[in-house]
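Here is my notebook page for today. I looked up a few spots and wrote down what I found.

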Amino acid sequence: MQGDTRAQEAVTVRTFTQLFSCTPRGARLARRLVAHRMDAWGFAYDGNASLDVTLVVAELAANAVLHGRVRGRDFRVRLVLRDGLVRVEVADGRTDRLPVLRAPADEGGRGLLLVAATAERWGVEPRPGAPYKVVWAEVRVEPC
C-alpha cells in the first residue's frame, strides 16, 4: 500500500485567552492586551489588522461590561489567528440577554454596527446549560 506523497502545508494557529474583571477598567485592559498580543504576532500597533481587531475587542468588551455583567463573574476574551483570520470571542455571564444589531440611538448603540462593519461576520453562541454566552466576530487580516 502506497502512502500519500503530497506534502501537507503547515498551518499556524495562534491563540490568546484571558479573563478580565467585568468593569470599565477590565474592558480597557482587554483592549490594551489585545493590541500588545497583535504586535507580538507581528501586526504593528498602528496597522489596519491590529486596529481592526482591537476595535472589535473594545466594542465587545464594552458590551460585556455594560450589558453582560453578572455580579461576581468575569468576562473572557479569546483570540484565534488562523489562515489570515482572527476570531475574537468575548464570553460574559449574562445568558438571558443576547446582543441585537439596531439602529443607533442618540446616546449610543453604535458598537455592534462598528463590529459588523469591521468584521467579515459576527454572531452569538448561547451556551444552553452553561453560565455564559459567547459573542464572536471574525476579522480578516493580512498574513504576517
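At what angle do helix H1 and helix H2 pack, and how far apart are their axes? I found an angle of about 160 degrees between H1 (residues 24-40) and H2 (residues 48-67), with the axes 9 Å apart. That makes H1 roughly antiparallel to H2 (an angle over 145 degrees). My notes on terms: helices (H or I, at least four residues) and strands (E, at least two) are DSSP runs, numbered from the N terminus.

Before going on, I noted that this is a predicted model, where local features need pLDDT of at least 70, side-chain atom pairs count only at pLDDT 80 or more, and totals for chains, interfaces and linings use all residues. Residues are numbered from 1 along each chain as its sequence is written, and side-chain values use heavy atoms, leaving out hydrogens and water.

Next I looked up who makes the contact (heavy atoms within 4.5 Å). From H1 I listed residues including Ala27, Val34 and Met38, and from H2 residues including Val53, Val57 and Ala61. The contact residues divide into 13 nonpolar, 2 polar and 1 charged.

Then I turned to Val124, which lies in strand S4 (residues 121-126). Val124 is partly exposed, at 24% relative accessible area (buried is under 20%, exposed over 50%, partly exposed in between, with a 1.4 Å probe and protein chains only). Leaving out residues up to four places away in sequence, I saw that Val124 touches Leu98, Pro99, Lys133, Val134, Val135 and Trp136.

Last stop: Asp83, in the loop between strand S2 (75-82) and strand S3 (85-92). Asp83 counts as exposed, at 55% relative accessibility. Its phi is near 50 degrees, a positive value. Most residues other than glycine have a negative phi.

Technical notes. Axes fitted to C-alpha atoms, helices over the stretch in contact; angles between N-to-C directions. Parallel < 35°, antiparallel > 145°, perpendicular 65-115°, else oblique. Nonpolar A, V, L, I, M, F, W, Y, C, P; charged D, E, K, R; others polar.
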